[in-house]
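Let's take a walk through some helix packing. Have a look at the model first, and then we'll go through it piece by piece.

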Amino acid sequence: SEIPVEPNIEVQSGVLDRNQEIRSKPPKLLVTSSPESTSNPTDKVRRVRNPVQFHNYIQHVDSDPAVCAAISRYKYYKYLEKINANQSDQPTSPLIFTMPDHVVPPQFITIVSISNKIEAKQGSLVTIFSLWNTMMGTSILSIPWALKMAGFANGVVLLILMAALMCYSAYRIISITHGMANYGYLDFSDVCQHYLGKFGLYTAIICSLMSLVGGMIVYWILMSNFLYNTVSFFAILCPSNDNTTSNVTDQLSVNFEDLYTLSKSEINVKVYNKIWDLTTTVPVFLLLLLFPLLNFKSPTFFTKFNSLATISVTYLMIFTVVKATKWGVNIEFKDKFSEHYSPNISSNLAALTGIAALAYFIHNCVLSILRSHKKPENGVRDLGIAFFLVCFTYIFIGVGLYISFPLQKSCIQDNILNNLPLDDNLAFAARACMLLQMVAVFPLLIYVFRVQFFHVVSGNIYPGVLKVVLMNLLMCAISILFACFLPKIGKVIGFVGAFCGFSYALGLPFLIHLIALYEKHQLTWYSFTIHTFFILLGFANFIAQFFISGH
């Protein structure tokens with residue numbers, strides 16, 4: 001028989017006996033394990049420190065005199081660090097006066113298993129493509145409507161400025177987390193816990209969960225819309241009782257409800273109106289289609305369909321070129337009485353900033369994408385290139401459809417595909433393609449939500465079939481309620497984007513950045529003013545969503 005090979009042990013916090021009891025609760029999911037549980041004997045195992053927020057742990061360890069002494073010793077080291085910084089007028093390295101390895105209690109040690117087979121092989125091109133592919137989502141269909149709400153010139157400028165702001169905040173997340181890599185932090189929530197304690201940890205987790213819930217709601221509304229239109233497309237192709245059909249391929253709809261009334265009358269099937277309704281029955285039928293896909297323990301199967309997002313966006317760009325070429329330029333800035341008049345500035349600019357905040361939101365997964373980069377020093381550069389390409393794509397599709405729209409700009413719907421008749425072949429292909437993409441992505445959204453929620457609540461990412469099924473039913477029920485009673489995709493995206501932008505994209509990164517500068521004695525008044533202004537700007541954007549007219 002083969003002799004078992006001892007795993008390679010890399011000790012970061014002192015030499016600990018392998019049989020010593022590790023009593024700490026790992027703060028992160030999926031990556032923690034013990035040396036004994038490493039399935040591959042060639043895997044490398046690291047012992048790293050948890051975020052050491054002693055005022056949060058003291059209530060659990062105050063009965064242990066040794067740990068209490070270690071806590072006091074740690075505070076003393078932090079005091080010496082500040083004294084040294086004040087005397088030298090130079091920021092000190094965070095490792096100079098950190099608690100020595102040999103006095104770190106085992107309560108604050110986490111064992112992390114890292115497979116040697118997982119190597120960084122992702123180049124810059126793949127990284128840029130992954131970032132672009134992740135950001136390009138459902139907001140793309142609402143960009144023409146957002147330009148109508150904000151005004152044409154104002155909307156284009158805001159799309160560029162929002163891209164720059166969101167790129168900068170993503171950079172702050174990267175720089176802060178990488179700057180504390182010596183502590184063994186793997187995620188931005190670790191950094192939040194380090195600087196803000198449990199409040200920061202739970203705030204980061206709640207904001208991440210809320211962004212996922214918002215994404216589920218948006219997906220369910222759009223999937224219901226696309227499913228309704230896809231089925232209706234085939235229903236229109238069926239001949240009616242009087243053997244007459246009409247061609248409405250080149251017609252446009254001023255009112256979405258009028259479009260459905262026209263199409264249903266052509267079908268001339270009374271039962272159709274009762275069993276296939278956009279806001280009553282279709283969201284429930286969608287549950288029958290999706291729910292069996294939501295209860296898998298592993299989402300590996302659905303990750304193979306990520307390329308569908310690229311296909312959908314590429315097709316929408318082709319769709320934009322074809323429609324814009326056919327319709328021509330239909331926009332007027334001076335004559336207010338023209339049918340194609342479009343103001344350059346409008347008071348409802350918050351509608352665009354809310355949508356743009358979600359359109360550029362990648363902050364809760366940017367670290368995961370860049371972690372596999374072959375050359376980490378190029379990560380920030382690639383992030384900037386990805387944001388530039390995303391901004392260009394949004395402007396290309398949004399502006400192209402907006403300036404060529406042949407009716408009054410006020411007729412543009414918050415889902416641009418709603419302005420096209422049901423039997424438009426190009427629109428049908430766009431709806432079907434995006435429906436297939438969302439059906440593949442939605443199980444991933446609900447899986448990530450489930451993992452994060454159950455890990456925080458119970459420490460077990462899969463607590464059993466019954467709890468998982470109940471959780472999935474609850475998330476689907478919330479999504480169905482929105483699809484039935486508030487199917488206004490522009491309003492929903494605006495609120496979700498504004499909340500994510502204020503909380504996770506702007507509030508937490510800039511607040512942590514200011515605290516880090518303060519502790520290093522590098523905080524200046526202009527840095528404090530600028531970053532505080534950005535945080536207040538995000539909060540104002542969220543509040544403004546309640547006061548948008550014409551939603």
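**Two helix pairs, two geometries**

In this predicted model, start with H15 and helix H16 (residues 465–485), which pack with their axes 11 Å apart and at an angle of about 120 degrees. Angles over 145 degrees would count as roughly antiparallel and 65 to 115 as roughly perpendicular, so H15 and H16 come out as oblique to each other. The crossing of H15 past H16 is right-handed. On the H15 side, the contact is built from Ile 446, Phe 449, Arg 450, Phe 453 and Phe 454, and H16 answers with Lys 467, Val 468, Met 471, Asn 472 and Met 475.

Now follow H15 itself. Its 33 residues (425–457) reach 48 Å from the first C-alpha to the last, close to the 48 Å expected at 1.5 Å a residue. There is still a kink in H15, about 25 degrees at Val 441, shortly before the proline Pro 443. After H15 comes Gly 459, with a positive phi near 80 degrees.

For the other pair, turn to helix H5 (residues 152–179) and helix H14 (residues 379–404), whose axes come within 10 Å and cross at roughly 160 degrees. H5 and H14 are therefore roughly antiparallel to each other. H5, too, makes a right-handed crossing as it passes H14. Among the residues that meet here are Phe 152, Leu 159, Met 166 and Tyr 171 in H5, and Leu 383, Phe 387, Cys 391 and Tyr 402 in H14.

Note on methods:
Residues numbered from 1 in each chain as written. Predicted model: local features only at pLDDT ≥ 70, side-chain atom pairs only at ≥ 80, totals over all residues. Heavy atoms only, no water. Helix = DSSP H or I, 4+ residues; strand = E, 2+ residues; numbered from the N terminus. Expected span 1.5 Å × (residues − 1). Bend = angle between axes of the 7 residues up to and from the residue. Axes fitted to C-alpha atoms, helices over the stretch in contact; angles between N-to-C directions. Parallel < 35°, antiparallel > 145°, perpendicular 65-115°, else oblique. Left-handed = near helix turned anticlockwise from the far one by under 90°. Contact = heavy atoms within 4.5 Å.
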